[in-house]
Amino acid sequence: MAMNHYIQQWTQRPVKELLAGMVGTFALIPEVIAFSYVAGVAPSVSLFASFVISVSIAIFGGRPGMISGGAGSVALVLAPLVHAHGVDYMLLATLMAGGLQILFGVLRLHSLMRFVSSEVRTGFVNALAILIFSAQVPQMLGVGWQTHMLILIGLAMIYLLPRLSQAIPSPLICIVILTLITVIHPMPVRTIADLGPLPTGLPHFTLPHIPLTAETLSITFPYALAVAAVGLLESLMTASVVDDLTDTHGKPQQECTGLGISNIFVGLFGGIAGCGMIGQTVGNLRYGGRGRLSTFTAGAFLLLLMVVLHPWVARVPVAALVAIMIMVSISTFAWGSLKDIFHHPKLTSLVMIITVIVVVLTHNLAAGVLVGVLLSGLFFAWHTARLVHVHAVEEHNILTYQIQGQIFFASADLMADFMDYETSAPRVTLDLSHARFWDITAVQALEKIVEKFRKHGKEVTVCGLNHAQHAILTEQSNEDAFTL
């Protein structure tokens with residue numbers, strides 16, 4: 001049954017899938033080349049990576065219809081490593097990241113995505129947009145007016161042409177027109193040829209030419225871990241977008257392992273690590289791509305275009321890529337979040353802002369997400385702890401404490417603060433009917449309360465425990481600690 005479903009994902013509506021994949025290729029080319037200079041690598045490195053990832057993820061991935069490539073936030077993560085140590089270190093980091101992603105998939109760590117709150121995701125994309133834009137600034141400084149003019153013309157075409165027709169992606173038209181302008185009227189502007197060699201044939205097997213010493217691994221592993229985490233985060237976020245748009249469900253665990261396998265292949269063929277690409281994926285879905293064939297076509301057709309149109313691609317001005325990346329940064333930023341800052345709860349907005357700040361200051365998207373998740377958990381615990389209430393009622397010489405709320409490490413002391421150990425009532429009842437004990441800290445706090453009351457000569461009864469709470473208390477406490 002599973003194999004039949006897999007085959008169907010390849011064979012459904014083949015003509016529409018092929019056409020959608022080709023359109024996805026046109027949308028893929030400019031961003032892949034643009035991100036290659038962001039990462040500091042030759043365009044061929046990103047183009048080979050996108051070809052390998054698309055073909056591999058089509059076979060091994062868990063989310064049909066999703067476009068993945070050698071671009072996106074992982075380029076920003078690897079850029080410092082490339083600039084400091086060279087491409088060979090990047091290849092090693094790519095291989096290590098692929099292995100880590102397979103391990104994450106086997107360990108089912110994709111489920112941790114549930115702990116990434118909405119405000120952290122918003123902070124993630126906003127920080128990504130800021131980093132993408134900041135990476136364009138050096139290309140706009142110390143250049144002639146011709147470069148600035150081409151950037152403005154490119155932005156105008158990117159935003160105005162879709163109003164006339166969306167048959168051809170406007171970024172591709174931008175590249176073609178600006179290239180023709182510079183060919184017809186030569187001007188002193190940088191071209192893609194200045195960024196490095198383009199592919200002229202098929203990718204070939206390669207290995208990083210660096211010694212596998214402890215020093216090498218200590219330099220590379222932090223980047224590999226960041227690439228693995230950021231790549232999976234962006235891919236799983238993209239997969240969730242596909243789920244929403246198609247009303248279907250992918251396989252997150254298979255997507256993790258599939259991306260890991262793909263990145264290992266990428267590293268073995270001299271490419272840069274990649275991940276899911278939200279913009280290209282939405283475009284693929286818009287043109288009817290739902291299965292694995294459209295993803296495969298996007299990569300295979302990309303390589304074909306690069307080999308056949310190699311001379312023309314080399315003459316594309318960098319200004320066109322800058323214009324495209326500015327558009328990408330603007331469309332990536334969640335502009336509605338600026339208004340939401342004043343309407344959402346203050347702690348929610350604070351998590352989003354701190355996530356952005358950490359990412360921008362460290363240039364590490366994984367670090368920002370980690371800080372955001374920790375803050376979200378801390379604020380949730382603080383909020384939940386404040387919901388603990390204790391009501392004291394004394395009748396017939398029995399002081400009854402009715403405890404309500406979630407009792408855990410952050411609220412256990414609050415529960416204890418309500419207790420009056422010098423009460424004149426000879427008997428004390430702790431009613432836990434509306435309370436829930438979650439951890440050892442809560443159990444230990446209850447033990448201390450009972451012990452203190454007994455030291456003051458009180459008879460203590462604990463009532464209202466459900467079966468789960470009774471198990472926690474009896475497993476973590478002395479059997480005679482409570483009178484139940």
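# Helix packing and loop residues in a predicted model

Student: How far does α19 reach from its first C-alpha to its last?
Tutor: Helix α19, residues 440-455, has 16 residues and reaches 22 Å between those two atoms, close to the 22 Å expected at 1.5 Å a residue; the expected span is 1.5 Å times one less than the number of residues.

Student: Which residues of α19 are buried?
Tutor: They are Ala442, Val443, Ala445, Leu446, Glu447, Ile449, Val450 and Phe453, where buried means under 20% relative accessible area, exposed means over 50% and partly exposed lies in between, with a 1.4 Å probe and protein chains only.

Student: OK, zooming out: how many helices and strands are in the chain?
Tutor: The chain has 20 helices and six strands, and its C-alpha atoms fill a box of roughly 100 × 55 × 50 Å along the principal axes. Of the 484 residues, 52% are buried. Among contacts (heavy atoms within 4.5 Å) with a separation of 6 or more, 84% are between residues 24 or more positions apart.

Student: Now packing. At what angle do α3 and α12 pack?
Tutor: Helix α3 and helix α12 (residues 292-308) pack at an angle of about 160°, with their axes 8 Å apart. Axes are lines fitted to C-alpha atoms, for helices over the stretch in contact, and angles run from 0 to 180 degrees between N-to-C directions. That makes α3 roughly antiparallel to α12, since angles under 35 degrees count as roughly parallel, over 145 as roughly antiparallel, 65 to 115 as roughly perpendicular and the rest as oblique.

Student: And which hand is the crossing of α3 and α12, left or right?
Tutor: α3 passes α12 in a left-handed crossing; a crossing is left-handed if the near helix is turned anticlockwise from the far one by less than a right angle, and right-handed if clockwise. The residues of that contact divide into 13 nonpolar, four polar and one charged, where Ala, Val, Leu, Ile, Met, Phe, Trp, Tyr, Cys and Pro count as nonpolar, Asp, Glu, Lys and Arg as charged, and the others, Gly among them, as polar.

Student: How does α3 pack with α10?
Tutor: Helix α3 (residues 43-60) and α10 pack at an angle of about 145°, with their axes 8 Å apart, and α3 passes α10 in a right-handed crossing. By class, this contact has nine nonpolar, five polar and one charged residues.

Student: What about α9 and α10?
Tutor: Helix α9 (residues 214-246) and helix α10 (residues 252-268) pack at about 135°, with their axes 10 Å apart, and are therefore oblique to each other. The crossing of α9 past α10 is right-handed. In the contact, Gly231, Leu232, Ser235 and Leu236 of α9 meet Pro252, Cys256 and Leu259 of α10, which gives five nonpolar, two polar and no charged residues.

Student: Where is aspartate 247?
Tutor: Aspartate 247 lies in the loop between α9 and α10, with a phi near 55°, a positive value in a residue other than glycine. Most residues other than glycine have a negative phi. Aspartate 247 is exposed, with a relative accessible area of 69%.

Student: And histidine 396, buried or exposed?
Tutor: Histidine 396 counts as exposed at 75% relative accessibility. Its place is in the loop between β3 (389-395) and β4 (398-407), and its phi is near 55°, also a positive value in a residue other than glycine.

Student: Last one: what does proline 64 touch?
Tutor: Not counting residues up to four places away in sequence, proline 64 touches Gln9, Val242, Arg290, Gly291 and Arg292. Proline 64 lies in the loop between α3 and β1 (68-69) and is buried, with a relative accessible area of 9%.

Conventions:
Residues are numbered from 1 along each chain as its sequence is written. This is a predicted model: local features need pLDDT of at least 70, side-chain atom pairs count only at pLDDT 80 or more; totals for chains, interfaces and linings use all residues. Side-chain values use heavy atoms; hydrogens and water are left out. Helices (H or I, at least four residues) and strands (E, at least two) are DSSP runs, numbered from the N terminus.
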